[in-house]
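Hi,

Here is the model for you to look over. My notes follow below it.

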Amino acid sequence: MRILHTMLRVGDLDKSLDFYTRVLGMQLLRRKDYPDGKFTLAFVGYGPEDTHPALELTHNWDTSKYELGNAYGHIALGVKDIHATCDTIRQAGGKVVREPGPMKHGTTVIAFVEDPDGYRVELIQQGS
């Protein structure tokens, strides 16, 4: 078994696609409209779905905003240079909500950014 994808409901698909592709550097892997159901599915990721997990962005045409709730945590991405990555995200218009630094009670260097719907994405420094 392996993880295939994680699904997020998004209020504005164009803004979300811009964030995940332009700001975080993912690729749009596939997109399909379902007119009878009044929704669109768009899959983004860092590689082909047969070898890499994806993020499914679900846009229900009649819903422009969601309550995030308190059970959701975050998506985590490994990065080689967390400071440069945060700078690049900022320059692209992304929102860094926790600057790079060691996690509480640990030494792993992390940062958090936020997507247009308020979902948190954790950046984790990988390697030295």
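**Helix caps and what follows**

Asp81 caps the N-terminal end of helix H2, with a side-chain oxygen 3.2 Å from the backbone nitrogen of His83. That is a polar contact: a pair of N or O atoms within 3.5 Å, where within protein one must be able to donate a hydrogen and the other to accept it, and residues adjacent in sequence count only if both atoms are side-chain atoms. Helices (H or I, at least four residues) and strands (E, at least two) are DSSP runs, numbered from the N terminus.

Before going on, two points on the source. This is a predicted model, so local features need pLDDT of at least 70 and side-chain atom pairs count only at pLDDT 80 or more, while totals for chains, interfaces and linings use all residues. Residues are numbered from 1 along each chain as its sequence is written, and side-chain values use heavy atoms, with hydrogens and water left out.

Helix H1 has a cap too. A side-chain oxygen of Asp12 lies 3.1 Å from the backbone nitrogen of Asp14, at the N-terminal end of H1. Glycines follow both helices. Gly93 follows H2, and its phi is positive, near 95°.

**Buried faces**

H2 spans residues 82-91, and its Ile82, Cys86 and Ile89 are buried (under 20% relative accessible area; exposed is over 50%, partly exposed in between; 1.4 Å probe, protein chains only). Seen down the axis of H2, these buried residues fall within an arc of 60°, so they line one face of the helix. The arc is that of the directions from the helix axis to the C-beta atoms. An α-helix has 3.6 residues a turn, so residues three or four places apart point the same way.

What do the buried residues of H2 pack against? They pack against helix H1 (13-23), E5, strand E6 (95-102), E7 and E8. Contact here means heavy atoms within 4.5 Å.

In H1, the buried residues are Leu13, Ser16, Leu17, Phe19, Tyr20 and Val23. Leu17 has a relative accessible area of 9%. Leaving out residues up to four places away in sequence, Leu17 touches Arg22, Leu28, Arg31, Ala42, Val44 and Leu57.

**Core**

The largest nonpolar core has 26 residues. Such a core is a set of buried Ala, Val, Leu, Ile, Met, Phe, Trp, Tyr and Cys residues joined through side-chain atoms within 4.5 Å. Tyr20, Leu24, Leu57, Val113, Val121 and Leu123 have the most contacts inside it. H1, strand E3 (39-45), E4, E5, H2, E7 and E8 each give two or more residues. H1 gives the most, with 5 residues.

**Rings**

The whole structure holds 3 aromatic pairs. Rings of Phe, Tyr and Trp (its six-membered ring) pair if their centres lie within 6.5 Å; planes under 30 degrees apart count as stacked, over 60 as edge-to-face and the rest as tilted. Phe19 and Tyr20 have ring centres 4.9 Å apart and planes at 90°, so the pair is edge-to-face. Both are buried.

Tyr72 and Tyr119 have ring centres 5.2 Å apart and planes at 75°, so this pair is also edge-to-face. Tyr72 is in the loop between strand E4 (54-60) and strand E5 (75-79), and Tyr119 in the loop between strand E7 (109-114) and strand E8 (120-125), so the pair ties together parts 47 residues apart in sequence. Tyr72 is partly exposed at 29% relative accessible area. Tyr119 is buried at 8%.

Best wishes
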